[in-house]
Amino acid sequence: MTASVPTSTALTIPDPERVEQDERLVRRRFWPKLRANLHRIPFLEELLAAYFCATDPATPYRAKGILLAALAYFVLPVDALPDWLLIAGFTDDAAVLAAAIQTVRANLTPAHWTRAKETLRAEAAGGETAQPG
């Protein structure tokens, strides 16, 4: 008896229409949700690095699709654990984002992380940051 072993790994390419939908949603809702919850989100740097990577024209399409799906989950008002729940509210968002980041880690450049840190410093100081697109 022989085991069936796949000879190649098929990578799922995100649906272009869905990626466009997610990008519009994220661009519209990301900054207001982030600012409204700055004091409650323990994974801000990762969230911002993912945002900057997803909106970077140099990021490969597949990585953009994965990150935009995770970011769309973050901005949607309905999810597995409502965000208004103390302590646990952003746990599901963090898990989804962590999985997405792990999947596309090679596409998150030092520039994305630096921009995330700089944005956090500016937000903490009460300044408005430049928002892409």
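Me: Helices are DSSP runs of H or I with at least four residues, numbered from the N terminus. In this predicted model, where is T59 found?

Reply: T59 sits in the loop that lies between α2 and α3.

Me: Why does T59 count as buried?

Reply: The relative accessibility of T59 is 6%. Buried means under 20% relative accessible area, so T59 counts as buried.

Me: Which residues is T59 in contact with, leaving aside its neighbours within four places in sequence?

Reply: With those neighbours left aside, T59 touches C53, K64, N107 and H112.

Me: Why is T91 called partly exposed?

Reply: T91 has a relative accessible area of 44%. Partly exposed covers the range between the limit for buried, under 20%, and the limit for exposed, over 50%; T91 is therefore partly exposed. The residue belongs to helix α4, which spans residues 91-104. T91 and P42 are 49 residues apart in sequence, and their C-alpha atoms are 9.5 Å apart in space.

Me: What is the secondary structure of the protein, and what pattern does the protein follow along the sequence?

Reply: The protein has 5 helices and 0 strands. Along the sequence, this reads as α-α-α-α-α.

Me: Which residues make the contact between α2 and α5?

Reply: On the α2 side, the contact is made by L44, E45, E46, L48, A49, F52 and C53, and on the α5 side by H112, W113, R115, A116, K117, T119 and L120. Sorted by class, the contact of α2 with α5 has 8 nonpolar, 2 polar and 4 charged residues.

Me: How do you know that α1 is oblique to α3?

Reply: Helix α1 (residues 16-36) and helix α3 (residues 61-75) pack at about 45°, and their axes are 8 Å apart. Angles under 35 degrees count as roughly parallel, and 65 to 115 as roughly perpendicular. An angle of about 45° lies between these ranges, so α1 is oblique to α3. The crossing of α1 and α3 is left-handed.

Me: Which residues of α1 and α3 meet?

Reply: From α1 come P16, V19, D22, E23, L25, V26, R29, F30 and K33, and they meet Y61, G65, L68, A69, L71, A72, F74 and V75 of α3. This contact of α1 with α3 has 12 nonpolar, 1 polar and 4 charged residues.

Me: Which residues have the most contacts inside the largest nonpolar core?

Reply: The largest nonpolar core has 32 residues, and F30, L47, L67 and L71 have the most contacts inside it. Two or more residues of this core come from each of α1, α2, α3 and α4. The largest share, 9 residues, is from α2. Apart from its neighbours within four places in sequence, F30 is in contact with L25, L47, L48, Y51, L71, F74 and V75.

Me: How many residues does the protein have, and what percentage of them count as buried?

Reply: The protein has 133 residues, of which 38% count as buried.

Definitions and conventions: Residues are numbered from 1 along each chain as its sequence is written. This is a predicted model: local features need pLDDT of at least 70, side-chain atom pairs count only at pLDDT 80 or more; totals for chains, interfaces and linings use all residues. Side-chain values use heavy atoms; hydrogens and water are left out. Contact means heavy atoms within 4.5 Å. Ala, Val, Leu, Ile, Met, Phe, Trp, Tyr, Cys and Pro count as nonpolar, Asp, Glu, Lys and Arg as charged, and the others, Gly among them, as polar. Buried means under 20% relative accessible area, exposed over 50%, partly exposed in between (1.4 Å probe, protein chains only). Axes are lines fitted to C-alpha atoms, for helices over the stretch in contact, and angles run from 0 to 180 degrees between N-to-C directions. Angles under 35 degrees count as roughly parallel, over 145 as roughly antiparallel, 65 to 115 as roughly perpendicular and the rest as oblique. A crossing is left-handed if the near helix is turned anticlockwise from the far one by less than a right angle, and right-handed if clockwise. A nonpolar core is a set of buried Ala, Val, Leu, Ile, Met, Phe, Trp, Tyr and Cys residues joined through side-chain atoms within 4.5 Å.
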